[in-house]
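Please open the structure in your viewer and keep the selection panel at hand.

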Amino acid sequence: MFKPNSTVKEAREVLSNFLQETGCYDICAQCPIYPGGEGCCHGCQKINRNEEGQMTGCGSPNLSCLSYTCGVLNEHLRRQGRLEELTEALYGMPREGYRGCQLRQEDEILQFTDPLAEAEILASISSDLRVSEESDNE
Ligand code: SF4
Ligand code: SF4
C-alpha cells in the first residue's frame, strides 16, 4: 500500500484514501457503537467545531487515528477482502498522534519495523511471559 520511503504526509493520504474508498468513513459517520455523528472521536479535545458546535473535522491530523480500525470496520473490510491489505500495510508502521504518541514532521520518512521482533526480546527477559507460555502449553 505504501511506496518505499513514504513520508508521514504521504502515508496519511494513502490511509485516508483507503478508508474513504472502502466506505469506512461512511460507517463512522453513522457509527453503530457511538451514535451522535462523532463516532469514537467523541470526547477528543482535538475535534474542530463550527459555531453551532458541530464537528467539522480533526484538529490533529495523524497516523494513529487513521490506522485505528474497530471490530465493525474490521468486519466491513474483511467482507470486501481488503482487511489483510490494511493489516499488512500497518504492520510495523510507527504510530504518531493522538492515540499514543507525538506528531511527527510531515516530511519524516517512515521506518517500518517488525513489532514481533521486539516481542521476542521481551519474552527473553520477562519471567512473567515465560510462566504464561508454560501455562498455555499445559
Ligand atoms: S472506528 Fe468504529 S467505533 Fe470508531 S467511529 Fe468508526 S465505526 Fe465507530
Ligand atoms: S485526534 Fe483522533 S480521536 Fe481526536 S478528533 Fe482527531 S481523529 Fe478523532
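Please bear in mind throughout that the model is predicted.

**Stop 1**

Select Asn5, which belongs to the segment before helix 1. Is this residue buried or exposed? Asn5 counts as exposed because 9 other C-beta atoms lie within 10 Å, and the limit for that class is 12 or fewer. Next, display its backbone angles. Most residues other than glycine have a negative phi. Asn5, although not a glycine, has a positive phi of about 60°.

**Stop 2: the nonpolar core**

Now select Val8, Ala11, Leu15, Leu19, Cys24, Cys28, Leu63, Leu66, Leu73, Leu77 and Leu86; these 11 residues form the largest nonpolar core. Helices 1 (8–21), 2, 3 and 4 each supply two or more residues to this core. Which helix gives the most? It is helix 1, with four residues.

Within this selection, centre the view on Cys24. Apart from neighbours within four places in sequence, Cys24 is in contact with Leu19, Leu73 and His76.

**Stop 3: around ligand 1**

Select ligand 1 together with the residues around it: Ile27, Cys28, Cys31, Ile33, Tyr34, Gly39, Cys40, Cys70, Val72 and Leu73. Helix 2 (24–29) and helix 4 (71–79) are the elements that contribute two or more residues to this shell. Sorted by class, the shell holds nine nonpolar residues and one polar residue, with no charged residues. Two members of this shell, Cys28 and Leu73, also belong to the core of the previous stop.

**Stop 4: Cys70**

Keep ligand 1 in view and select Cys70, one of the residues around it. Cys70 sits in the loop between helix 3 (63–66) and helix 4. It has 17 C-beta neighbours inside 10 Å and therefore counts as partly exposed, since a buried residue would need 20 or more.

In sequence, Cys70 and Cys40 are 30 residues apart, while their C-alpha atoms are 9.4 Å apart in space. When neighbours within four places in sequence are left aside, Cys70 is in contact with Ile33 and Cys40.

**Stop 5: around ligand 2**

Finally, select ligand 2 and its surroundings: Cys41, Cys44, Lys46, Ile47, Cys58, Ser60, Cys65 and Tyr98. How many of these residues fall into each class? This shell has six nonpolar residues, one polar residue and one charged residue.

Conventions. Residues are numbered from 1 along each chain as its sequence is written. Chains are lettered from A and ligands numbered from 1 in the order in which they are written. This is a predicted model: local features need pLDDT of at least 70, side-chain atom pairs count only at pLDDT 80 or more; totals for chains, interfaces and linings use all residues. A residue is near a molecule or strand if its C-beta atom, placed from the backbone, lies within 6 Å of it. Ala, Val, Leu, Ile, Met, Phe, Trp, Tyr, Cys and Pro count as nonpolar, Asp, Glu, Lys and Arg as charged, and the others, Gly among them, as polar. Two residues are in contact if their C-beta atoms, placed from the backbone, lie within 7 Å. A nonpolar core is a set of buried Ala, Val, Leu, Ile, Met, Phe, Trp, Tyr and Cys residues joined through C-beta atoms within 7 Å.
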